[in-house]
Amino acid sequence: MGEPEPQQSGALSPVQFVLVLVFAAGVSSVLFYPAMFLLGRIIGLFRATG
């Protein structure tokens, strides 16, 4: 059990890479909708005042 297998260590990097990609995609999608909502509100305010 104490011996590290090369297959596990070699398979960890692609799995972590995919996990990071999924995490980044989730965070960007979560932050994207409020940002677009705020931009729409700001644009609406500018159009109302202008």
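Biologist: How are helices and strands defined here, and how many of each are in the protein chain?
Modeller: Helices are DSSP runs of H or I with at least four residues, and strands are runs of E with at least two. This is a predicted model. Counted by that rule, the protein chain has 1 helix and 0 strands.

Biologist: Where is Phe32 found?
Modeller: The chain has 1 helix. Its label is H1, and it covers residues 6-49. Phe32 is found in helix H1.

Biologist: What percentage of the residues of the protein chain count as buried?
Modeller: Buried means under 20% relative accessible area. The protein chain has 50 residues. The share that counts as buried is 0%.

Biologist: Of the accessible surface of the protein chain, what percentage belongs to carbon and sulfur atoms?
Modeller: The accessible surface comes to about 4900 Å². The part that belongs to carbon and sulfur atoms is 75%.

Biologist: Which residues form a nonpolar patch on the surface?
Modeller: Patch residues need over 30% relative accessible area. Phe32 has 46%, and Tyr33 has 60%. Together the patch has about 770 Å² of accessible area. Its residues are Phe32, Tyr33, Met36, Leu39, Ile42, Ile43 and Phe46.

Biologist: Is Phe32 buried, partly exposed or exposed?
Modeller: The cut-offs are under 20% for buried and over 50% for exposed. Phe32 has 46% relative accessibility, so it counts as partly exposed.

Biologist: Is Tyr33 buried or exposed?
Modeller: Exposed means over 50% relative accessible area. Tyr33 is at 60%, so it counts as exposed.

Biologist: Which kind of aromatic pair do Phe32 and Tyr33 form?
Modeller: Ring centres must lie within 6.5 Å to pair. The count comes to 1 aromatic pair. For Phe32 and Tyr33, the centres are 5.8 Å apart, with 75 degrees between the planes. Planes over 60 degrees apart count as edge-to-face, so the pair is edge-to-face.

Definitions and conventions: Residues numbered from 1 in each chain as written. Predicted model: local features only at pLDDT ≥ 70, side-chain atom pairs only at ≥ 80, totals over all residues. Heavy atoms only, no water. Patch = residues over 30% accessible without salt bridge, like charges linked within 9 Å, V, L, I, M, F, W, Y side chains within 5 Å. Areas by Shrake-Rupley, 256 points an atom, 1.4 Å probe, with all protein chains shown as cover. Salt bridge = Lys/Arg side-chain N within 4 Å of Asp/Glu carboxyl O. Buried < 20%, exposed > 50% of the residue type's maximum accessible area, 1.4 Å probe, protein only. Phe/Tyr/Trp six-rings, centres within 6.5 Å; stacked < 30°, edge-to-face > 60°.
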